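Morning, everyone. Please take a look at the model on the screen, and then I'll walk you through a few parts.

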Protein chains: 2
Amino acid sequence: MSATQASDSPDNLIAPTPSAYAYPLLIKQLLLNSQSLSAHQEITYRGKLRYTFADLRRRIGQLASALETLGVRHGATVAVMDWDSHRYLESYFAIPMMGATLFTVNVRTSPQQIAYALNDSHAALVLVHAEFLPVLEQIQAELKFVRQVVVLADGHPMTPTPLPVAGEYEALVEPASPDFVFPEFDENTRAALFYTTGTTGDPKGVCYSHRQIVLHALTISTSLCSPRDGQRLHREDVYMPITPMFHVLAWGVPYIAVLLGLRIVLPGRYVPEILLELKKTEKVTFSHCVPTILQMLLDAARRDGHDLSGWKIITGGAALPPGLCRAAVEQGIDVFAGYGMSETGPTVALSQFPPGGAPADQDENVRKRCMTGRPLPMVDLRVVDPDMRDVPRDGATPGEIVLRAPFLTQGYHNQPEASEALWRGGYLHTQDVAVMTPDGYVQIVDRIKDVIKTGGEWVSSIEIEGLIGELPDVLECAVIGVKDDKWGERPMALVVPVEGSSLGVEDVREHLQRHVESKRISRYAVPEANRIAFVDGIPKTSVGKIDKKAIRKLTE
Amino acid sequence: MSATQASDSPDNLIAPTPSAYAYPLLIKQLLLNSQSLSAHQEITYRGKLRYTFADLRRRIGQLASALETLGVRHGATVAVMDWDSHRYLESYFAIPMMGATLFTVNVRTSPQQIAYALNDSHAALVLVHAEFLPVLEQIQAELKFVRQVVVLADGHPMTPTPLPVAGEYEALVEPASPDFVFPEFDENTRAALFYTTGTTGDPKGVCYSHRQIVLHALTISTSLCSPRDGQRLHREDVYMPITPMFHVLAWGVPYIAVLLGLRIVLPGRYVPEILLELKKTEKVTFSHCVPTILQMLLDAARRDGHDLSGWKIITGGAALPPGLCRAAVEQGIDVFAGYGMSETGPTVALSQFPPGGAPADQDENVRKRCMTGRPLPMVDLRVVDPDMRDVPRDGATPGEIVLRAPFLTQGYHNQPEASEALWRGGYLHTQDVAVMTPDGYVQIVDRIKDVIKTGGEWVSSIEIEGLIGELPDVLECAVIGVKDDKWGERPMALVVPVEGSSLGVEDVREHLQRHVESKRISRYAVPEANRIAFVDGIPKTSVGKIDKKAIRKLTE
């Protein structure tokens, strides 16, 4: 043996041979497998139009050829305003595969928000369903960059419009060449853009790269497919989105459906009766939606006698209420919650059962389905205190959910300050306050703006409200944080007692103290006697929520 | 509306905000999910030692601390010589997670090949099971870079050795700190290295980056998990490798098992009786092996009355013979073939049934399980003629399998010419000749060195041999390519007739001509009359295979 030092390269990077293909992760690769194996697999629009994956591939080429004729080049942004359709699915592929950016316009926001987003995005071309032409006409004078629109007449005759119409979608696509050669480019190229509709300020643009969309598809499909049975996706599922394709890319599931070669049902505008009819006639087995839509589906199904069994549904966008979950399970739906935000790809957690499968106890079963979820593979999900230290996994200590994952937005479009705030410290800050259970579930308990920071700990105002509300003499209650020189903040409770009650301040404190002793809450969570006030009523917002801003003003 | 040109960036790349985490794909991320969700999941070595995923994580940190003390730094290469063990699993993570390269030494190759590979790799440190110390001692004088060895005594007392022993594995690891901080680095950093044992020339080093290993794990887990039932992997499977961990990273499946948080059984050295005992006592449900091992397992199980039902096994490394497949299925094994090479990650195709599941017809069922496979998601698998044009998907026209995938080796270690040959034209050339069926299956029919290039087409010598062999009067037959000025090459057949046969040249030609008419083979596949020779015998190699090299010399 020799003492010669090994001549390893200091950076240890692999140097590819010149002819090697580096394989950037591009959306076009999601088509590879399904095209070869599922060429005859069917895609249907509302059960009225049907075509195959081979047709999809052809039409993607044709759409790209048509868009190129209209001047769309690498780096352009093309906006789409449509309900869930095969044409939207074609644009999910053709536009980013050209190197352009697919801008999915949220057609449910106000015309002013749409005008803001179209201007902020610099989109020069809009593919617009005829139904939304009036919206564009209304804001036409405000649009700074839109030069052309392509109308998706959707089988109806074209109507006159003052907008600069480049043509009708089918009239442009059908004669175009299917042999568009999709170029190779950097996997960090922007593929998709949309705007979040926050409660304050202008909408913020969120964008994703090809690499991020591909990694989201691979990671989520691994998570969705890997349970033994139940709460899972498999190759013979029939997929119908019920989260709009304009909303965070329908949670990325259309890309997964194409990757796996699933039969796909695109339901157009969501009408509960049509969704249920498609579920029945197209034998849909896999969907995702917000809890409100699930409630509408259950109601309509009960009314019309629809059988919902065999339907797997992920809910997201809001917590899944246990009552709704129980009703869905009783109607045969295998429902479970997912967690994510516009900024996070979106999916970072799913409340799939742990190995061992569904708990036999029905209450526990429902409780687990409604949890925020368990983090997905490749997702570094931490629940941290204000100093970025992980909170104990005790199911009780609250902290903010912060994230690293291969598919989180790298910042807001043209909003450097908001972007830095989102990513401060190198983790994406969700502003969701959660606890982590010993078995790895995350449960959101609050939004960070409603959390009270006191004595270096976080106290959930919603939790304290709930505990005070346990007292039979309490009609309602609001807890806010008030400034405190020593503790930073302290909780203050406004309590509305029931008529004729003799409830006192110490009754409230004693009740909370018992929850301190059972370790449910921190001792910092109990307001001082002078910070519990009995009032006649609590200010509400126009939609009936407790108006904490107004309360804070009152107590200043 | 304005005619202002939109100011899109010409390259359309996403510019991350400075604090955003770029998320390079690193092996350490495969641990994220399983650590949080499967902390109590069990890993066992031979059923004798058991620990949890939490222990695995701790020991990975300890191993890294111990290796750092021994001088291992980013860019170093650490060789491992072991049977399948928990220690090997620890090294699969700790070594690359440090930024060093894990060199998995094929302990079944000759001492000379091991010496060559150790020198070529520049490994300065070898983790070596005591059983392989004699091999290292034998080649000690030839080793140019190895400075230290760590002995894996595996519970036995250490024996004296002239090798420079740094210590015993457990003695070094157990006292070391578990809190090693694994650094961040470029995802293209070299993570693993091993040597292919080609039939000609020196072994060639194949390496994979962190990015490639992560993308292989995500892609293969999606493929393995997505079938509805059968031929699939799920979270409640119990995994035992029966392709050695020194062989192409055990096909990458240990990484998938950790990613999904599976129970893992590491069987040590492969002894059929022990493997079957572990299958029974540990309730193993998922494995992979070469057909020869499968045959051994079936034989041993029949002999000892073992029940093999509920065992899913992927075979690879050689074609799965239908007779063996049928016997395995009859013994309750859900067996199916996989395809790949050392250079390809390795897995690029699996013979999972298409949607619809297992064919009811048993012959068709077995036939499909034995096909080379259907390409996986993200894998651009083409079957091309010599001019790189795709051959028809007719199940008959042969071509070479060429590949693009996110996890193909980017070249051989320090072999620029072989690397360029591997990647000529931007596709990895497998040298496997295959046909593609209309339903997307690939079936290998030949190796390219045994294919005859004639008239711009490829003719499979093995196929022609088989067809000539159909004649009852033919005892055996060999077909080779001979040079031809007009056609490049032409097939030449050597035929050994059965004793007393009156078989003539035109009988052979007429027989082949019928297969031309049924479109089974090309008209170029029929040798001219003067290129069919009746002989007494055919030269064989020492292992009984037709010796085409010797035949070519005879016919020159």
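**A sheet and a helix pair**

Start with the open sheet of four strands in chain A, in the order S17-S18-S19-S20, with antiparallel pairing. Strands here are DSSP runs of E, at least two residues, and helices are runs of H or I, at least four, numbered from the N terminus. Two strands pair if DSSP finds at least two bridges between them.

This is a predicted model: local features need pLDDT of at least 70, side-chain atom pairs count only at pLDDT 80 or more, and totals for chains, interfaces and linings use all residues. Residues are numbered from 1 along each chain as written, chains are lettered from A and ligands numbered from 1 in written order, and side-chain values use heavy atoms, without hydrogens and water.

Which strands stand at the edges? S17 (380-384) and S20 (442-447) of chain A do; each has a single partner strand, so one side of each has no neighbour in the sheet. Five bridges join S17(A) to S18 (residues 399-404) of chain A, and these two run antiparallel. One detail: A:Arg382 has A:Val402 in S18(A) as its bridge partner.

Now the helices. A:Ile464, A:Leu467 and A:Ile468 in H14(A) meet A:Val508, A:His511, A:Leu512 and A:His515 in H15(A). Contact means heavy atoms within 4.5 Å.

Finally, the whole chain. Chain A has 16 helices and 25 strands. Its C-alpha trace spans about 80 × 80 × 50 Å along the principal axes. Of its 556 residues, 61% count as buried, meaning under 20% relative accessible area (1.4 Å probe, protein chains only; exposed is over 50%, partly exposed in between).
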